[in-house]
Each structure stands twice: as structure tokens, then as C-alpha cells.
Amino acid sequence: MKDEDKSKEQLLNEMIELRKQFVANNIEQRLREEFKKAKENEEKYRGIFQNSNDAIFIHDLKGQIIDVNEKMLDLCGYTRTEIASARIADLLDKDDQEKYRDALQKLSSGGSAVFEIDLKKKNGETFPAEVSSSTFAMGNSKVVQGIVRNISERKQTEEEFTKYRKHLEDFIAQRTDQLEAANKELEAFAYSVSHDLRAPLRAMEGFANALLEDYAEHLDAIGKDYARRVVSAAQHMDTLIQDLLAYSRLSRSALKPGAVSLDGVLGEVMHQFNTDIQKTGAQIRVERPLPEVLGDHATLVQVLSNLLSNAIKFVQPGVKPGVKIWAEEKSGRVRLWVEDTGIGIAPEYYDRIFRIFERLQGVETYPGTGVGLAIVKKGLERMGGQAGVESAPGRGSKFWVELRTKGY
Amino acid sequence: MAANNYAILLVEDDHNDVLLIKRAFQKVNIANPIIVVNDGEQAVSYLAGREPYVDRALPILVLLDLKLPRKSGHEVLEWLRGQANLKRLPVVVLTASSESSDVNRAYDLGANSYLVKPVTFDALVEMVKTLNLYWLILNKRADVSNE
């Protein structure tokens, strides 16, 4: 070979060598970069995996655990070496193993599943956990990943909540029973009052009457007066009992609130008072039409008849009663006014007259039991309304009752 | 003996009420005799014709109190409406109770009328007058057999 040839060949070899080195370097460089990137990625995801606040495990389709994060180790009390040879079944009681398999069955078609299950620690203790499972491919095989959340506290809160709710329900049921029993007793009491207490009254009234009729010739004027007093006292007591019963019935009976026409109620009341109105020559003016209100028909009839009866009754002797009835409607409420030309009431008695048995006038002048306005107040309360009065002595009274309109 | 069947059976335990009701009947001049029994069991015995009422004549009207010893008025009424021969007998409840539960139950069990005993004697007389006019004079009675 010539020197020249030799150097050429050498040069060529060197060039090949250089090129090899260049390619190798280049590949190595790229590999290094790739590796670095992969490592960074791996670190990044491992960081997320390891530092996650949730415990995470990965196992293969046979249940062999592949990897868990620190949190998972904490939660179950295993070391990393121990868990490396563990199976997912080691973390579950027998019953829960089946439940777990069932949950995974649903995963076979992809997607994810969230379920609650008890996990077993190394020391055998269990705790309630919420597991979100999903599958993904790792290399050529499918693996299962589970994110575990310890829900002991939530469970405990739920249990406590359930306990309190149960306690409250029991308490309410017990109170309801007590109230029902009390109500029953009250009903029995009222029944006995209406039935048994009135029987002797009938006898008093009836036999005093019999004395007056059958033995009139044996009685002088004073004797007859006494007998008449027995009759009127018995009658008064009967009214008292009836008013009391009406009052107590208001407190214990269930009202059926609905739309009630005040025009209808007033018509009924006026019909009731026909004789009284004619006897007293009362002038009654009603500004119709009156609106509908939300209330109980029977109670409203009772309330209005008590108000009208008072308006007719409490006038100066010899004065013809004048009554004006009208309604005001504003912001969902109706106020019905009953204005009279009667003797009036001083402001210091405004509250008092609505109390049961309170009377401002002697029975001799104005007969009554002191229950009428108490019925008005109680009735309005039971219908979710209010009652009141504006008045002054000698200037008549304006009683009002206020109820919601039917739309509200 | 249909001709004898014109008595009124008064089922009432309160002796004062018995006296007053009888007096009111006299005032209104009602000729029908009043037979009085004082509790629910006696009422059933009478109507069934058991001892000591084997020879009893059936009444044309029963005035029935509700709150009675031994058997309540409601129980008497229920029994009565279950008897083939007596079920058409008119029964007017005459009681002190105006509780709607009592009223409704009485009608459910087949009462023909329900009257609340008034406290005043005058009102009782008025009531008996109307009762006589309606139930003893105007009302067309159905057949009721002794057996």
C-alpha cells in the first residue's frame, strides 16, 4: 500500500470512528435527556403519589399489591417490606373480600367505582373507608388503583347524628303521647262537665219551677222570689258551663283552616241574632262585600257572634245600639272592624277584657260570664290572627280581628 | 196486642230527670204511659222480653239516655239495631251530651233523632210538645213484632 493510500484509509477510519462517536454521543445525549425527563416525571408523579393526603394502593388483577404510598402504610400499619408481599385480601375481612370483588366486577368494563368498605390494619383493627377504584394499564397488564379515605370521623358523626335524631324522635313521640293523654283527659273532663255538672242544674231549675207552679198558693212573695232566684242562678250557671266548654273546645279541638267568606259568616251570625236585633231595635250597617280570610268557619262564627252580642248588649239603658262592620285589607292581612255606640272602655282595661272571667260591669246591669272576649282572643290565636280594641268611655268601642287573606 | 203498644220506654238513670220528664209529659197532656228503666241492661232485658219483663208490651218509642250504668245508650242502640224484630223501633236519644263524637256515633248506630236535654224546664216542655207532635202523632210507624 502506498503511504498516501494508507493515510487515506486511516483518515476514512478516523472519520468513521468519529461519526460513530458522534452518533453514539448523540444517542447517549438523547437517552440521557429522555432518562432525565422520565426521571423528573417519575419523581413528579411519585411525589404526588407519595405525598397525597389520600392513601393509594395499586394491585394486579390477582390481588397482589404492587405499590402503596406512605399514607397507605400509615393507615394500615404495615412496613413497605411487609406490604410488598401482601395481597389486597390481607387488608379485608372475609365478608368484605366478597364485597370488594363485587365492587371490582363493575370495574371490568372500565370507568371507576366509589364504595364504602371496612379495611383491616396489621393489628387486626378495622376502620371504615371510602375507596375510589379505577383500572389502568401498566406495561402489558391491567392493574387496579384504589384511593382510600378514612371515613371514621364522618361515620362517627353520621352515627351520632342518627343517634340524636333517634333520640329526638323518641322524645317527640313521648311528648306527643303525653300531650295526647293530657288532651284525652281534658276531653273526658269536659265531657263530664257537660254531662254530669248540668244534671243537678236541670233538677234545681226544674224543681224550683215546679214549686212556683204547683205550690204557688203556699208561697208568699218572698218565697216566690227565692224560688225565682234559684231558677235564674241555675240558668246563669248553665250559660257559664256552656261558655267554658266552648272555650275549652277551642283550645283542644283541631281547627280546619281554609278560605272563609266573612260575608257568609256574618250572614249566619246576623240570622242568629235576628230576635235580639229586633228586640233592641239595633241598627246594624255592614259595608259589603267583605273579603275572604284564612280561618276556621265555625270558630269565626263564634268570634263574630260574641263581638256582635257585646256591641248590642253594652249600651246605656234606653239607647238603641248602632253597629258598623267593615273590613280593611293590606299586605296579605284583613282587619275586620266592629264599631259600636256603646258605653266604651277605658284604655287601662284593653288587655284585661280579653282575659277569661274578666268583667268590667256587674252581672245585674249587663248579664254575662266574662268568657266571650276570651273566646274571641283564643279563637284568633288558634287561627294565626289577632284581636284588639280601640275605645274610650262614653265614645263607643271599635273591636277588631285580624287574619291572613286566603292567598297568603 | 197492637192496641196496647202505645207506651214510651224511657231509659234514664237520673231520677230527677225521670221526674222532670214525666212532669213535662203531663204538662203537654200526653196520654201514652211512660215505662222507666234505669240502666242499659234493664233496657235490653225489657226490649228482649226477658225476666222480669216477660209480659212486656213493646213501646212505640224509646227515649234513650247515653250515659247509663252497666250498658251505655250507644251499646243498647247497637244491640237493638241488630235484633230482627226490633230494628225498626224508633229511638230518640235524649241526653245531656252535645259532643259531636256522641252525636255522630248515635246516628251511625241508627238513632232516629238526637235531642239534648235543656236546662230550663220551659225548654223541656217545648221539646216534649214537639216530640209528641212529631214522633207520636205525625210520624208513620213501621211494623215491629213482639217476637
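## Handedness first

A crossing counts as left-handed if the near helix is turned anticlockwise from the far one by less than a right angle, and as right-handed if clockwise. By that rule, α1(B) passes α5(B) in a right-handed crossing.

This is a predicted model, where local features need pLDDT of at least 70, side-chain atom pairs count only at pLDDT 80 or more, and totals for chains, interfaces and linings use all residues. Residues are numbered from 1 along each chain as its sequence is written, chains are lettered from A and ligands numbered from 1 in the order written, and side-chain values use heavy atoms, leaving out hydrogens and water.

## The chain B pair

Helices here are DSSP runs (H or I, at least four residues), numbered from the N terminus. The axes (lines fitted to C-alpha atoms over the stretch in contact, with angles from 0 to 180 degrees between N-to-C directions) of α1(B), residues 15–27, and α5(B), residues 121–138, come within 9 Å and cross at roughly 60°.

Contact means heavy atoms within 4.5 Å. Among the residues making it are B:Leu20, B:Ile21 and B:Phe25 of α1(B), and B:Phe121 and B:Leu124 of α5(B).

## The chain A pair

Over in chain A, the axes of α7(A), residues 262–272, and α9(A), residues 297–313, come within 9 Å and cross at roughly 55°. These helices are therefore oblique to each other, and α7(A) passes α9(A) in a right-handed crossing.

The contact includes A:Leu262, A:Glu268 and A:Gln272 of α7(A), plus A:His297 and A:Leu308 of α9(A).

Terms used: Helix = DSSP H or I, 4+ residues; strand = E, 2+ residues; numbered from the N terminus. Parallel < 35°, antiparallel > 145°, perpendicular 65-115°, else oblique.
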